[in-house]
Amino acid sequence: LMLAVQQSGERARAEHGPQASVQLAQMPADPGAWINTSIALPPALLTCAATNLLDNALHHHQGGEAVNVTLQLCADGSVEITVCDHGPGLSVRECGQALQRFWRKSSSGPGSGLGLTIVRRIAESAGGTLTLALARPGLMARLHLPAQAAMAPAGQG
């Protein structure tokens with residue numbers, strides 16, 4: 001996730017200037033709480049999913065506030081990544097459409113309408129979900145990834 005935040009932030013600053021920023025919060029903040037956390041997703045796919053969410057948020061973001069990213073460890077051991085921008089957002093109907101291949105709210109500007117579809121497919125490959133919701137202002141993308149079963153130490157079981 002840190003790599004995705006860094007890379008997306010650098011691209012956004014190069015394109016939109018220094019006001020394009022990302023603020024990351026980790027809950028719980030204690031690194032020790034995350035030691036046994038594992039999701040059934042290769043790191044490259046997790047980075048790809050996070051990068052697509054961040055690039056999308058930074059592309060549609062407006063104003064001087066940062067795009068907010070939260071990495072949260074849930075009580076059941078699953079992980080949730082939430083990305084909130086301050087852009088124009090989407091209607092409830094558009095939130096459903098945005099997860100379909102090639103859908104774009106506007107045909108102007110860069111993009112092919114595949115970013116959120118890719119994230120949804122990556123999430124589903126690990127048994128997770130991607131949901132979109134109004135953030136007032138903006139859009140909230142929530143990537144939920146289940147915990148991977150812990151491996152027993154060698155010689156046990």
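**Helix packing and loop geometry in a predicted model**

Pro 28 sits in the loop between strand 1 (22-27) and helix 2. Helices (H or I, at least four residues) and strands (E, at least two) are DSSP runs, numbered from the N terminus. The structure is a predicted model, in which local features need pLDDT of at least 70, side-chain atom pairs count only at pLDDT 80 or more, and totals for chains, interfaces and linings use all residues. Residues are numbered from 1 along each chain as its sequence is written, and side-chain values use heavy atoms, with hydrogens and water left out.

The peptide bond from Met 27 to Pro 28 is cis, with omega near -5 degrees. A cis bond also joins Arg 136 to Pro 137, with omega near 0 degrees. Pro 137 belongs to the loop between strand 4 (129-134) and strand 5 (139-145). Arg 136 lies in the loop between strand 4 and strand 5. Its phi is near 50 degrees, a positive value in a residue other than glycine. Most residues other than glycine have a negative phi, and most peptide bonds are trans. Arg 136 is exposed, at a relative accessible area of 68%. Buried means under 20% relative accessible area, exposed over 50%, and partly exposed in between (1.4 Å probe, protein chains only).

Thr 37 is placed in the loop between strand 1 and helix 2. Its relative accessibility is 24%, so Thr 37 counts as partly exposed. Neighbours within four places in sequence aside, Thr 37 is in contact (heavy atoms within 4.5 Å) with Leu 73, Gly 77 and Val 79.

Helix 1 (residues 2-16) and helix 2 (residues 43-60) pack at about 30 degrees, with axes 9 Å apart. Axes are lines fitted to C-alpha atoms, for helices over the stretch in contact; angles run from 0 to 180 degrees between N-to-C directions. The two helices are therefore roughly parallel (angles under 35 degrees). Helix 1 contributes Leu 3, Ala 4, Val 5, Gln 7, Ser 8, Gly 9, Arg 11, Ala 12 and His 16 to the contact, and helix 2 contributes Thr 47, Ala 50, Thr 51, Leu 54, Asp 55 and Leu 58.

The buried residues of helix 2 include Leu 46, Ala 49, Leu 53 and Ala 57. At 1.5 Å a residue, its 18 residues should span 26 Å, and its end C-alpha atoms are 26 Å apart, which agrees. The expected span is 1.5 Å times one less than the number of residues.

Methods
Angles under 35 degrees count as roughly parallel, over 145 as roughly antiparallel, 65 to 115 as roughly perpendicular and the rest as oblique.
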